[in-house]
Protein chains: 2
Amino acid sequence: MEETPPFLTAPEDTRGEIMGATYRALCRHGYSGITVQRIAEEFEKSKSLLYHHYDDKDELLLAFLDYMLEEFEETVAACDADGPAEQFDAMLDQLLVGSGPPAAEQFIAAMVELRAQAAHDERYREQFSHHDGALHDRLVAVTEAGIEAGCFRDVDADRVATFLLTLVVGAMTRRATLENSAGATVREEVESYVDRRLRVEGGDE
Amino acid sequence: MEETPPFLTAPEDTRGEIMGATYRALCRHGYSGITVQRIAEEFEKSKSLLYHHYDDKDELLLAFLDYMLEEFEETVAACDADGPAEQFDAMLDQLLVGSGPPAAEQFIAAMVELRAQAAHDERYREQFSHHDGALHDRLVAVTEAGIEAGCFRDVDADRVATFLLTLVVGAMTRRATLENSAGATVREEVESYVDRRLRVEGGDE
């Protein structure tokens with residue numbers, strides 16, 4: 001996971017600026033401490049503009065999740081030039097947080113808190129289901145392209161994608177909630193799983 | 001994951017009864033809706049007894065997590081009679097929630113919400129680190145016993161345990177936060193990972 005994504009530091013329009021302010025407020029206060037007022041404090045334009053667009057903090061946070069997903073999909077789509085095996089590796093690098101910079105910690109913590117809202121709030125559940133579904137479809141497509149190109153074995157791409165996304169959610173949650181989540185160890189073992197399970201050249205460890 | 005654990009339905013002492021009341025209140029209201037008052041409503045003895053022991057809801061919930069861990073460790077220790085490969089399978093069955101009964105849903109949702117508190121509350125972070133550490137040590141011990149007994153390959157037990165516990169956290173979080181978490185698919189792929197990675201008899205799929 002990268003440092004602050006560029007679309008949040010150099011937004012292109014008002015919506016982007018509101019999303020950047022939401023990102024900074026989330027990093028600073030977490031879900032438990034966030035309010036529309038605190039997001040407004042991070043926003044450089046008229047506060048009333050922000051209040052005009054969003055009624056409550058959850059509406060704003062759901063819009064933020066939606067925006068993050070759109071941008072993530074664009075980032076992934078932008079590396080279409082490489083082969084499927086390289087695209088697959090790039091996606092895993094982006095999704096697995098084990099080796100990210102410390103600066104990302106607070107954002108990851110906020111995302112884990114946001115996700116936990118889905119345990120009792122239908123709107124968050126829908127949003128995360130949509131988000132995970134899009135990532136899943138993308139991983140399946142890249143895996144199938146790899147099978148087609150002969151660099152991956154003929155695996156059940158749906159099953160492999162579900163397994164990998166479960167690891168991604170687990171690594172992110174552990175990173176935000178444990179003193180030592182051993183993220184680098186997880187990344188190594190994912191690599192060794194992918195080698196054994198997918199890559200045609202294979203090899204032990 | 002089993003139905004309501006027996007130690008919560010037939011508690012042996014006052015502490016056990018308070019923990020049973022906490023369990024029922026968590027299932028009914030979730031973390032976001034729980035209060036000491038609501039736990040007291042589930043408690044059959046004197047409310048003042050409960051207020052006497054616990055000052056606030058987080059103190060009570062942290063004691064509850066501690067109690068769950070103790071009981072889980074006793075359950076795992078109780079199946080010592082079988083060989084290491086059987087113990088390993090039993091642990092995975094207990095930890096992976098993919099195939100649990102619908103009755104467990106609300107409790108899993110509450111556990112996911114509790115864990116998310118660790119993203120901003122040091123006391124929860126310590127508790128979950130202790131919890132995950134104990135599970136990790138147990139998984140490593142069973143894996144090493146399996147290697148010793150010749151039924152598992154000579155793997156890095158620490159790395160395998162970290163990987164599997166990441167899957168456990170991911171499966172639990174996905175189950176509580178997605179419309180369809182495909183838990184059964186995860187369980188199948190874990191089985192196939194364990195076959196490839198650990199079992200000496202091996203075999204493809």
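Trainee: What makes the pairing of A:Arg175 with A:Glu105 a salt bridge?

Mentor: In this predicted model, the closest N and O atoms of A:Arg175 and A:Glu105 are 2.7 Å apart. A salt bridge requires a side-chain nitrogen of Lys or Arg within 4 Å of a carboxyl oxygen of Asp or Glu, so the pair qualifies.

Trainee: Why is A:Arg175 called buried, and why is A:Glu105 called partly exposed?

Mentor: The relative accessible area of A:Arg175 is 9%, and buried means under 20%; A:Arg175 is therefore buried. For A:Glu105 the value is 32%.

Trainee: Why is A:Gln117 counted as buried, and what does A:Gln117 touch?

Mentor: A:Gln117 has 12% relative accessibility, and therefore counts as buried; the cut-off is under 20%. A:Gln117 lies in helix α7 (residues 105-117) of chain A. Leaving aside residues up to four places away in sequence, A:Gln117 touches A:Tyr31 and A:Tyr124. A polar atom of the A:Gln117 side chain also lies 3.0 Å from the backbone oxygen of A:Glu113.

Trainee: What makes the pair A:Glu189 and B:Arg159 a link between two chains?

Mentor: A:Glu189 forms a salt bridge with B:Arg159, with the closest N and O atoms 2.7 Å apart. A:Glu189 lies in helix α10 (residues 183-197) of chain A and B:Arg159 in helix α9 of chain B, so the pair joins two chains. Both A:Glu189 and B:Arg159 are buried. A further salt bridge joins the side chains of A:Arg159 and B:Glu188, at 3.5 Å, N to O. The rule finds eight salt bridges across the interface of chain B and chain A.

Trainee: Which elements of chain B give two or more residues to the side that touches chain A?

Mentor: They are α7 (105-117), α8 (122-148), α9 (157-177) and α10 (183-197) of chain B. The largest share, 15 residues, comes from α9(B). By class, that side has 18 nonpolar, 11 polar and 15 charged residues.

Trainee: How is the extent of the interface expressed as an area?

Mentor: About 3900 Å² is buried between chain B and chain A, and carbon and sulfur atoms give 59% of that area. In chain B, the residues that lose the most area to chain A are B:Arg159, B:Phe163 and B:Glu189, together 18% of what that side buries. The contact takes 44 residues from chain B and 44 residues from chain A.

Trainee: Which residues have the most contacts inside the largest nonpolar core?

Mentor: They are A:Met19, A:Leu114, A:Tyr124, B:Met19, B:Leu114 and B:Tyr124, in a core of 76 residues. Apart from that core lies another, of 54 residues, among them A:Ala85, B:Met91, B:Ala157 and B:Leu198.

Technical notes:
Residues are numbered from 1 along each chain as its sequence is written. Chains are lettered from A and ligands numbered from 1 in the order in which they are written. This is a predicted model: local features need pLDDT of at least 70, side-chain atom pairs count only at pLDDT 80 or more; totals for chains, interfaces and linings use all residues. Side-chain values use heavy atoms; hydrogens and water are left out. A nonpolar core is a set of buried Ala, Val, Leu, Ile, Met, Phe, Trp, Tyr and Cys residues joined through side-chain atoms within 4.5 Å. Buried means under 20% relative accessible area, exposed over 50%, partly exposed in between (1.4 Å probe, protein chains only). Contact means heavy atoms within 4.5 Å. Buried area is the accessible area (1.4 Å probe) that two parts lose on being put together, summed over both. Helices (H or I, at least four residues) and strands (E, at least two) are DSSP runs, numbered from the N terminus. Ala, Val, Leu, Ile, Met, Phe, Trp, Tyr, Cys and Pro count as nonpolar, Asp, Glu, Lys and Arg as charged, and the others, Gly among them, as polar. A polar contact is a pair of N or O atoms within 3.5 Å; within protein, one must be able to donate a hydrogen and the other to accept it, and residues adjacent in sequence count only if both atoms are side-chain atoms.
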